[in-house]
Amino acid sequence: ADVRRRRPGGLTEREIQVLRLVAAGRTNRAIAGELVISEHTVARHLNNIFAKLDVSSRAAATAYAYRHGLT
């Protein structure tokens with residue numbers, strides 16, 4: 001149960017890192033720089049996050065992050 005609480009929505013640790021940065025208002029470019037990954041990889045993570053959370057926008061993903069205490 002602890003793991004579920006720490007990682008809602010079945011997100012990986014990396015997806016949670018990306019989601020937190022999205023919720024903090026970072027652009028894909030800024031996220032890529034901070035995590036030292038490509039913008040393409042950031043976009044792929046975001047697509048996975050949107051699919052897992054059943055959301056279609058950064059705003060909705062941010063709302064999810066706030067609701068689940070990820071910010």
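Biologist: Hi! How do helix 3 and helix 4 pack, in terms of angle and axis distance?
Modeller: Hello! Remember that this is a predicted model. Helix 3 covers residues 28-35 and helix 4 covers residues 39-53. They pack at an angle of about 110°, and their axes are 8 Å apart.

Biologist: Nice. Which residues meet there, between helix 3 and helix 4?
Modeller: From helix 3 you have N28, R29, I31 and A32, and across from them in helix 4 are E39, V42, A43 and L46.

Biologist: And how many of those contact residues are nonpolar, polar or charged?
Modeller: The contact of helix 3 with helix 4 has five nonpolar residues, two charged ones and one polar one.

Biologist: Let's move to the loop joining those two. What's up with phi at V36?
Modeller: V36 sits in the loop between helix 3 and helix 4. Its phi is positive, about 55°, although V36 is not a glycine.

Biologist: Is V36 buried or exposed?
Modeller: Exposed, with a relative accessible area of 72%.

Biologist: What about phi of D54?
Modeller: D54 also has a positive phi, near 55°, and is a residue other than glycine. You'll find D54 in the loop between helix 4 and helix 5. D54 is exposed, at a relative accessible area of 72%.

Biologist: Switching to helix 5: is T62 buried or exposed?
Modeller: T62, which lies in helix 5, is buried because its relative accessible area is 16% and the cut-off for buried is under 20%.

Biologist: Which residues does T62 touch?
Modeller: V22 and A23, leaving out residues up to four places away in sequence.

Biologist: How far apart are N47 and L21?
Modeller: In sequence they are 26 residues apart, and in space N47 and L21 are 15 Å apart, C-alpha to C-alpha.

Biologist: Last one: where is G69 found?
Modeller: G69 is in the segment after helix 5, which spans 58-67. G69 counts as exposed, at 56% relative accessibility.

Biologist: And what separates the C-alpha atoms of G69 and S56?
Modeller: A distance of 20 Å, with G69 and S56 being 13 residues apart along the chain.

Notes
Residues numbered from 1 in each chain as written. Predicted model: local features only at pLDDT ≥ 70, side-chain atom pairs only at ≥ 80, totals over all residues. Heavy atoms only, no water. Axes fitted to C-alpha atoms, helices over the stretch in contact; angles between N-to-C directions. Helix = DSSP H or I, 4+ residues; strand = E, 2+ residues; numbered from the N terminus. Contact = heavy atoms within 4.5 Å. Nonpolar A, V, L, I, M, F, W, Y, C, P; charged D, E, K, R; others polar. Buried < 20%, exposed > 50% of the residue type's maximum accessible area, 1.4 Å probe, protein only.
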